[in-house]
Structure formats: C-alpha cells, structure tokens
Amino acid sequence: MLILGAGVSAPFGVPQGARMIPNIQAGLSADRNFVDGTEGRLAYELERFVRSTFSSNSQFWRQPYFGAVLSRHWDSVNRTLDVGGINQDLRRLRNLCGLLLNQTSETIDDFIVENPSYSDVIKICIAVEIMKRTYDLQGEKISPKSLEVRTVSAKQRNWIHLLINLIRHGIRSGTVSPENKIKIISFNYDGILEYVLDRQFENTESQYDHYTNYIDIVHPHGQCGNLNVDAISSPFQLTEWASGISVVNERNVGNAEPRR
C-alpha cells in the first residue's frame, strides 16, 4: 500500500494546504473591486456577468472564483437569476477575503473546520485553484496541461514516471498482477496521478494492460474532476467538483452567514 500526501502534487504546481490560504485570498482580492461594486446592482447587470461566464471560457478564466460561486444562482433551464442569492454570496466573498488575510489556520482544511459557514464557498475556491494549476486556457478552450512530461518544475524528474518503472518491474517479476494489485490512497484532490498513469503506463514497446489492472487508487477526501476526460466547459463543473470534497472533522452547517 502506498499513501500519498499533498506534497506529491507540489512539483506540478498544485499548492499544498498551507499555500492554498494565501493563494485563494490573493485570487479573491484581485476581484475585490468587483465584489464591492456589484452588490446592489440591477438584476440585468448581474445576469449579464453570470451569463458571460457560461458563454465565454475566457471570461470565466479571468474571474473563475466569482464565476463558479455565482453560477449556483443561475437557473439555466428557466434562464432566471436569483439576485438575492448572488448578493448574499457577494457579501460572503467580501467577508471571506478579509477573514483569509493573515489567517492563523495552518491549512485550508483547518480553515474549513474553524469556519464551517464558509465551507461551500471555500471548496469551490479549492476547485478553482486545482483547475488553474492543472488546466490551461487556449483560445476559448480550457484543457488539461501536459502533466505527463519527463521533467516538471525546476527540471525535477516526474516522480510518477519512477513509480511506473517500479510497478512495471513488479509485473515482470510476478509480484504485481491483477490478483495482487498495488493499492494507493491519495489525500490529494487532484487527478494528476491518474492522468499521467493513463498516458504513460503503456507508453513502451513491452506489452502491459491498462494501469487499472494493476493499481487501485482511492481518494478518501474526494477528487476534483477527471483530467483524462474533462475539458472545462461550464462553471457548474467546479461546483460539482467542490461537492465531492470531504474534510476530516468538518461540521455541516450549510451556507448560513457567520455570526457577528
């Protein structure tokens, strides 16, 4: 059994839990003028912004935090907007921006435990962070980055390649087989491991079955999307990712406003 913590995704640019806090705070602060200036706007102005995040991936990429959070208030079937819900979330985003500044929590998971009324919004922000680190905007298409490369940040060897080599050796020696799989528990929310395995495990002249015949991977705290099949086409995808995130010792209080 192999247990993977957050550090294994750091070479690919995915921030660890402690780094998530200032990253999310900076992302929200970058749009602070929008938050302050939007509350109380006319419904058609809010609708125009939310609608633009669905019609233009480049617009969504420019303001992914607000685009993903506020998209929850757009009814795409009836094409109606819950302006009250949007204004409530705008207040929460503004308050969250200040709360994250110089936060004492060591990791973003700790922050969620200590501030449960912001859990739903923070999880969407985590999904945004993972999207920004594992996807690129090319024209109007948001597609996975080339994470299967031989070297990653600072010319560091791709550790998943080394893992593949070890597992192949185990297959050749008979210690790894469909009846005796490698079990991996990943506490990462991203799907980088699966993405690289899918592209590189059979990238050799020797014949190997698909990696899932030799490896079982479990994400006990949830997983944000599937890099092998997902191109980001809607802010709704990030809210779906966020809904699968589970934090140890988290209290379920819904999305109520914090007490003052």
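Mentor: A patch is made of residues with over 30% relative accessible area and no salt bridge, and nonpolar side chains are joined into one when they lie within 5 Å. Keep in mind that the model is predicted. Here, Met1, Ile3 and Phe187 form such a nonpolar patch on the surface, with about 360 Å² of accessible area together. Ile3 sits in strand β1, residues 2–4. Its relative accessible area is 54%, and because exposed means over 50%, Ile3 counts as exposed.

Strand β1 also has a covered side to its story. The buried residues of helix α10 pack against β1, and also against α8, β5, α9, β6 and β7. Helix α10 covers residues 192–200, and seven of its nine residues are buried. Among them are Ile192, Leu193, Glu194 and Gln200.

Phe12 touches Ile192, and its other contacts include Arg133, Trp159 and Ile160. With 10% relative accessibility, Phe12 is buried, because the cut-off is under 20%.

Now to the interior. In soluble globular proteins, nonpolar side chains tend to be buried together. The largest nonpolar core here has 68 residues, and Leu28, Ile122, Ile126, Phe201 and Leu238 touch the most other members. Helix α8, residues 119–134, gives the most to this core, with nine residues. Leaving aside neighbours within four places in sequence, Leu238 is in contact with Phe60, Ala68, Ala127, Val128, Met131 and Ile232.

Key. Residues are numbered from 1 along each chain as its sequence is written. This is a predicted model: local features need pLDDT of at least 70, side-chain atom pairs count only at pLDDT 80 or more; totals for chains, interfaces and linings use all residues. Side-chain values use heavy atoms; hydrogens and water are left out. A nonpolar core is a set of buried Ala, Val, Leu, Ile, Met, Phe, Trp, Tyr and Cys residues joined through side-chain atoms within 4.5 Å. Buried means under 20% relative accessible area, exposed over 50%, partly exposed in between (1.4 Å probe, protein chains only). Helices (H or I, at least four residues) and strands (E, at least two) are DSSP runs, numbered from the N terminus. Contact means heavy atoms within 4.5 Å. Patches are made of residues with over 30% relative accessible area and no salt bridge: like charges are joined within 9 Å, nonpolar side chains (Val, Leu, Ile, Met, Phe, Trp, Tyr) within 5 Å. Accessible areas come from the Shrake-Rupley method with a 1.4 Å probe; for residues, only the protein chains shown count as cover. A salt bridge is a side-chain nitrogen of Lys or Arg within 4 Å of a carboxyl oxygen of Asp or Glu.
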